[in-house]
Amino acid sequence: MRLNLWTVSLLILGFGACTEEKGSTDSGSGGEADADTDADADADADADADADTDADSDTDVPRTAAVSGTVVDGDGAPISDLQMRLCHYSCVTVNTGSDGEFAFSGVEAFNHTLQAFTLGDESFAIPHAIVELEDMESMVIPTPIVVGKFASREPVSGSVSHRGDDIDITIDASGMVPGSYSPSFDNSIATLRMDPATAGIPWDGLTVTPAAMWYLGNFDTTVDPPAPFVVKDALGFPDGTELEIWVTSNEDKAWIQTGTAQVVDGQIQSTSGGIGKLTTLVLGTR
């Protein structure tokens, strides 16, 4: 069979059109693949940059500070092999020596919480303070930190009015949440009254003058709503005196105010808020 020139021309044009269409389809799928690859690469780069930024935020704080001190029991005797924790992004731990001494070096120049843990014995209160360290600072805590046993302890189921160490606290188990540093996850309330003048903890960041203080347990438990309380004496203040309620916070690495109190009929009563955390409790005046 013979094909005329017109027929051949049509066949060539048709074959060319099909070839171009197939080529454009391949080119299109390749473009989408390239776009996906670029998007993935950009996303990975962004994620890596974010991760690097997060990592840098931890390392940008100079690790040039130091803090040291000693720990004693209620009779003034040094306590050895007590775990001290200095916590910021994470916790650095050291054990006290034979003379009750401890020292941290090469730590972040930032706000920290300082904790004294008697491991495996929840009968001891946990001294808890805020330490604010500057670049190149070497802090020496001048007074020995006193570690004592809780004077009172009670499990909390439902709502209870706990008669503690010179303080009565009304607390509800439904509002108690143990924290990252709680030695156990049971709901309990424990108290140990301390003298602010001899407790030995630093007062960095506290903006009131401490008039009275307690160590509370179960340590690092958040109480929401804050627990109301009554202190059985007026601390020498006349009726009507206003006091502020402050507690140490591991999350904030700072003292936080969780309420106010007032002297009424020779006792101190919380008037708004109350005890927001079972850590170090301070009643203070301006």
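This is a predicted model: local features need pLDDT of at least 70, side-chain atom pairs count only at pLDDT 80 or more; totals for chains, interfaces and linings use all residues.
I started at Cys87, which counts as buried at 2% relative accessibility. My cut-offs, with a 1.4 Å probe and protein chains only, are under 20% relative accessible area for buried, over 50% for exposed, and partly exposed in between. Residues are numbered from 1 along each chain as its sequence is written, and side-chain values use heavy atoms, with hydrogens and water left out.

**Entry 1: the disulfide**

I looked up the partner of Cys87 and found Cys91, with the two sulfur atoms 1.9 Å apart. A disulfide here is a pair of cysteine sulfur atoms within 2.5 Å, and by this rule the count comes to 1. Is the disulfide of Cys87 and Cys91 right-handed or left-handed? The S-S torsion is about 105°, so I wrote down right-handed. Cys91 has a relative accessible area of 30%, so I logged Cys91 as partly exposed.

**Entry 2: the chain as a whole**

I count 1 helix and 21 strands in the chain. Helices (H or I, at least four residues) and strands (E, at least two) are DSSP runs numbered from the N terminus. Of the 286 residues, 41% are buried. I then checked contacts, meaning heavy atoms within 4.5 Å. Among those with a separation of 6 or more, 66% come from residues 24 or more positions apart.

**Entry 3: Gln115**

Gln115 is in strand β5, residues 111-117. Its relative accessible area is 0%, so I have Gln115 down as buried. Which side chain does the side chain of Gln115 join in a polar contact? I found Asn250, at 3.1 Å. The rule for a polar contact is a pair of N or O atoms within 3.5 Å; within protein, one must be able to donate a hydrogen and the other to accept it, and residues adjacent in sequence count only if both atoms are side-chain atoms. Leaving out residues up to four places away in sequence, Gln115 touches several others, including Cys87, Arg85, His128, Tyr181 and Phe219. That brings me back to the disulfide, through Cys87.

**Entry 4: rings**

Arg85, also on the contact list of Gln115, has its charged end over the ring of Phe117, 3.7 Å from the ring centre. The test asks for NZ of Lys or CZ of Arg within 6 Å of the ring centre and within 35 degrees of the ring normal. I then listed aromatic pairs and got 3. One of them is Phe102 with Phe104, edge-to-face, at 6.0 Å centre to centre and 65° between the planes. For a pair, rings of Phe, Tyr and Trp (its six-membered ring) need centres within 6.5 Å; planes under 30 degrees apart are stacked, over 60 edge-to-face, and the rest tilted. Phe102 and Phe104 are both buried.

**Entry 5: Ala190**

Ala190 is in strand β13, residues 188-194. With a relative accessible area of 0%, Ala190 is buried. I compared sequence and space: Ala190 and Ala151 are 39 residues apart in sequence, and their C-alpha atoms are 7.5 Å apart. Beyond residues up to four places away in sequence, Ala190 touches Phe150, Ser152, Arg153, Tyr215, Leu216 and Gly217.

**Entry 6: hairpins**

I followed β17 (residues 242-249) into β18 (residues 254-264), and they pair antiparallel over 8 bridges. Pairing requires at least two bridges found by DSSP between two strands. Val247 faces Ile256 across this pair. There are 4 residues between the strands, and Lys253 there has a positive phi near 50°. Lys253 is not a glycine, and at 17% relative accessibility I count Lys253 as buried.

β18 goes on to β19 (residues 267-273), antiparallel, with 6 bridges. Ala261 is opposite Ser270 in β19. The turn has 2 residues between the strands, and Asp265 shows a positive phi of about 55°. Asp265 is exposed, at 68% relative accessibility.

I also checked β10 (residues 159-163) and β11 (residues 167-172): 5 bridges, antiparallel. With 3 residues between these strands, Asp166 in the turn has a positive phi of about 65°. β11 also pairs antiparallel with β16 (residues 229-231) over 3 bridges, with Asp168 opposite Val230.

**Entry 7: cis peptides**

Which peptide bond has omega near 0°? I found Gly217 to Asn218, which is cis. Asn218 is in the loop between β14 (209-217) and β15 (221-227). Asp224 and Pro225 are joined by a cis bond too, with omega about 5°, and Pro225 is in strand β15.
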